[in-house]
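Subject: Structure for your review

Dear colleague,

Please find the sequence and the structure below. A description of what was found follows them.

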Amino acid sequence: MTRINNKKALMKSKRTLAIICLIAVIIVIAVVKNPKKQANADSSVSFFDTVKRGPLTIDVTEPGTLKAREQEVIKSEIEGRSTILSLVAEATHVKKGDLLIELDATQLKDQLIMQQIEVQNAESSFIGATEDLEVVKSQAESDNEEARLTLKFAILDKKKYIEGEYPNELNEMKKTIGLEENEVERLDEKLKGTRKLEEKKYIANADLKAAEQARDRAKLNLDLAKNNLLLFENYTHERTLAELESNVKQAEMAVDRVKRKGSADVVQAKANLKAMDLRFERQKAVKAKMESQIDKAMIYAPADGMVVYASSAKGSWRGNNEPLDEGSEVHEREELIYLPTANSVKAEIRVHEANMNKVTIGRPVEVEIEAIAGKVFMGTVGKIAMLPDAAIAWMNPDLKVYPTEIFIDNDSNILRTGMTCKARIIIAEYDDVLYVPVQSVVRIGEQPTVYVKTKEGLKPRAVETGLDNNRMIHIISGLKEGEEISLTPPLAPGEVQNQRSSRGKRPDGGDAKSGKPAGGEQPGQSKPGMDSGAKPASGSRPAGGSRPAGGGRPAGGGQTGQGRPQSRPQGGGN
């Protein structure tokens with residue numbers, strides 16, 4: 001039963017949704033088919049205001065945040081990511097040297113132990129390379145000495161042979177030949193005597209044969225001695241001399257070779273020593289860096305001051321800025337704590353590019369703090385960025401705003417970092433001028449025009465305009481005080497085209513991006529020729545201390561550069 005009731009309820013809700021969608025479609029079709037009727041209905045409603053005379057202040061108002069002008073920025077200096085173990089409470093007044101943050105360094109301590117082992121190994125290798133170098137030097141010197149000694153011996157051997165051994169052996173062989181020749185002559189004479197005795201039968205024939213054999217043996221010995229001399233002079237001497245000369249050359253080359261090899265070994269040993277030295281120094285540097293990283297895990301206050309968390313002082317444009325707390329992970333160079341060191345503060349605002357020609361360094365500024373109602377602080381424009389805010393440009397490429405710092409004159413302790421504020425930069429002040437609401441000025445062609453209410457109806461009138469403060473615009477000429485003007489001027493088709501072609505122009509005839517008004521008036525100039533009694537901004541309000549009638553900020557509080565205010569200002573009448 002319950003299931004059936006649920007089905008009925010579901011079908012009923014579907015029918016109701018279908019009916020609502022059908023009605024919405026009918027309404028849309030009706031609006032699309034009748035745009036002229038809708039436009040006529042809107043254009044039939046008109047609002048009027050009067051041209052007023054009085055004091056007029058040209059200003060640029062932007063919201064911002066207070067920050068300390070002089071502060072110490074505490075960052076994480078540990079490489080990579082680390083976890084917060086302990087954290088001093090925000091708004092705590094600390095002294096120089098007090099512990100602010102303790103980061104987790106457990107992994108670094110483990111790595112330090114392994115690194116100490118690497119340092120010991122590198123030191124051992126370095127010492128070994130040092131000893132090896134000395135050994136190589138000694139061995140090279142020893143080899144060089146041995147090679148030089150071998151060369152010396154080879155030279156001496158050659159000299160000894162040429163000057164001693166060769167002459168001695170030559171003389172010995174010649175001596176032997178002489179002795180053998182004498183022996184042959186003696187045996188020849190003996191043989192002659194023996195033959196005579198044998199002829200006379202004084203000796204036997206055997207004695208004659210023995211004498212002949214002795215003589216023949218002596219002749220053979222003589223021939224052998226002569227052959228030995230010939231062999232020695234033609235072969236043995238030349239071979240021995242060539243061998244000795246070769247030994248000298250080999251010894252000379254050995255000296256050069258050993259010298260080069262010794263030098264190469266020494267160079268290689270030195271290179272190895274240098275490599276081991278660099279490795280040792282590198283490992284020591286890594287160890288010292290790890291010890292430094294471990295020391296940096298304990299972050300101490302560099303000066304006296306009050307602790308302000310960076311996550312509290314600045315917001316993340318992505319909206320994911322987590323508050324600083326114990327257990328949070330932080331990365332290297334991340335800003336953790338701001339430590340203001342003086343009472344001086346500044347307001348950080350962003351100025352639209354359309355107002356950059358108005359805002360200059362040194363301009364007086366009135367700063368209102370939301371948390372301190374009814375009190376206005378004075379200051380000056382201290383710094384203007386050269387480039388637009390990258391974060392804002394990333395989210396909206398068409399929006400260019402420039403970070404600007406306002407130095408606030410403050411000697412008290414009531415201002416705190418992170419407070420929301422509103423800075424009003426005074427551009428120019430006029431004591432007595434004509435002005436009208438900015439929405440009453442339109443452009444027809446290139447001419448600023450105001451529609452004036454007359455007996456015949458609305459009549460366009462060309463005017464010369466000056467500066468505006470996004471609420472009221474200065475009228476230099478073309479209108480009179482008290483004249484009624486339309487806040488919703490009619491736009492003919494041609495005028496609409498002109499409006500489209502002049503999109504980006506300010507109502508006073510100036511360029512919205514450059515901030516330059518029509519008529520050549522430069523914003524905020526205090527030179528002669530400034531229109532109708534304008535005086536330089538002094539940081540104080542005009543006489544009477546009030547803004548022009550009808551000059552209150554329109555509903556919605558439009559900021560300068562954020563578009564035109566609503567068509568009906570406060571105080572405007574029909």
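Helices (H or I, at least four residues) and strands (E, at least two) are DSSP runs, numbered from the N terminus. By that definition the chain has 7 helices and 23 strands. This is a predicted model, in which local features need pLDDT of at least 70 and side-chain atom pairs count only at pLDDT 80 or more, while totals for chains, interfaces and linings use all residues. Residues are numbered from 1 along each chain as its sequence is written, and side-chain values use heavy atoms, with hydrogens and water left out.

The chain as a whole

Of the 574 residues in the chain, 35% are buried (under 20% relative accessible area; exposed means over 50%, and partly exposed lies in between, with a 1.4 Å probe and protein chains only). The accessible surface, computed by the Shrake-Rupley method with a 1.4 Å probe, comes to about 34,000 Å², and carbon and sulfur atoms account for 52% of that surface. Taking contacts (heavy atoms within 4.5 Å) between residues at least 6 apart in sequence, 79% join residues at least 24 apart.

Helix α4

Helix α4 covers residues 205–296, which is 92 residues.

Strand pairing

Two strands pair if DSSP finds at least two bridges between them. Strand β11 (residues 335–340) is joined to β3 by 5 bridges, and E72 has L339 in β11 as its bridge partner.

Elsewhere, β18 (residues 447–454) and β19 (residues 457–462) pair in the antiparallel sense over 6 bridges. They form a hairpin with 2 residues between them, and T449 stands opposite A462 in β19.

Two loop residues with positive phi

R333 lies in the loop between β10 (329–331) and β11. Its phi is near 65°, a positive value in a residue other than glycine, and R333 is exposed, with a relative accessible area of 63%. N470, in the loop between β20 (464–468) and β21 (472–477), is not a glycine either and has a positive phi of about 75°. N470 is buried, since its relative accessible area is 12%.

Yours sincerely

Terms used
Expected span 1.5 Å × (residues − 1).
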